Amino acid sequence: MRALLALIFLAACGSDDPAGPVDAHALAACDSAWKKNGYTECETACVDSAIALHAQGNACEATTSQGAVNCSKTFVFAGITGCCISHDPQILFGECN
């Protein structure tokens, strides 16, 4: 009986870890703050505007899917340091080089 309850508990709780690595550049819907400013699609690392807009890390030269950019302030997403760059109507994640 205890083993059955333990299995049910483990199955119900699941895991907090994602199934695999997170793609920082996969497109997703932007949060409401980005949408209020006209941006509709965000790369995963930039979906949360609060994290992106309150970045405090060091500046760096970075690369987005559209080319080279300069990040004035950075943050870390899934172990990758970078910043969010507007590329109307998208917000792209620039990975520090």
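Both Cys46 and Cys84 are buried, where buried means under 20% relative accessible area, exposed means over 50%, and partly exposed lies in between, with a 1.4 Å probe and protein chains only. These two residues form a disulfide with their sulfur atoms 2.0 Å apart, a disulfide being a pair of cysteine sulfur atoms within 2.5 Å. The link of Cys46 and Cys84 is left-handed, with -105 degrees about the S-S bond, and it connects distant parts of the chain, since Cys46 sits in the loop between strand 2 (41-43) and helix 3, whereas Cys84 belongs to strand 6 (residues 80-87), 38 residues apart. Helices (H or I, at least four residues) and strands (E, at least two) are DSSP runs, numbered from the N terminus.

This is a predicted model, in which local features need pLDDT of at least 70 and side-chain atom pairs count only at pLDDT 80 or more, while totals for chains, interfaces and linings use all residues. Residues are numbered from 1 along each chain as its sequence is written, and side-chain values use heavy atoms, with hydrogens and water left out.

By the sulfur distance rule the count comes to four disulfides, and, with bonded cysteines counted along the protein chain, they follow the pattern 1-2, 3-7, 4-8, 5-6.

| Disulfide | S to S distance | Torsion about the S-S bond |
|---|---|---|
| Cys46 and Cys84 | 2.0 Å | -105 degrees |
| Cys60 and Cys96 | 2.0 Å | -75 degrees |
| Cys71 and Cys83 | 2.0 Å | about -75 degrees |

The link of Cys60 and Cys96 is left-handed. Cys60 lies in strand 3 (residues 60-64) and Cys96 in strand 7 (residues 90-96), so this pair ties together parts that are 36 residues apart in sequence. Cys60 is buried, with a relative accessible area of 17%, whereas Cys96 counts as partly exposed because its relative accessibility is 24%.

The disulfide of Cys71 and Cys83 is left-handed as well, because the torsion about its S-S bond is about -75 degrees. Cys71 lies in strand 4 (residues 67-71) and Cys83 in strand 6, so the parts tied together here are 12 residues apart in sequence. Cys71 is buried at a relative accessible area of 3%, and Cys83 counts as buried at 5% relative accessibility.

A nonpolar core is a set of buried Ala, Val, Leu, Ile, Met, Phe, Trp, Tyr and Cys residues joined through side-chain atoms within 4.5 Å. The largest such core has 13 residues, of which Trp34, Phe75, Cys84, Ile91 and Phe93 touch the most other members. A second, separate core of six residues includes Cys60, Ala62, Cys71 and Cys83. Leaving aside neighbours within four places in sequence, Ile91 is in contact with residues including Trp34, Tyr39, Cys46 and Cys84, contact meaning heavy atoms within 4.5 Å.

Ser49 is placed in helix 3 (residues 49-53) and counts as buried because its relative accessibility is 6%. Apart from neighbours within four places in sequence, Ser49 is in contact with Asp31, Ala33 and Trp34.

As for confidence, pLDDT is the predictor's confidence in each residue, from 0 to 100. The protein chain averages a pLDDT of 85, and 80% of the residues score at least 70. Among the elements of the chain, helix 1 (residues 2-13) has the lowest mean pLDDT (38) and strand 7 the highest (98). Over residues 1-15 the pLDDT is below 50, and this stretch has zero contacts in the model beyond near neighbours in sequence. Where pLDDT is low, the predicted coordinates should not be read in detail.
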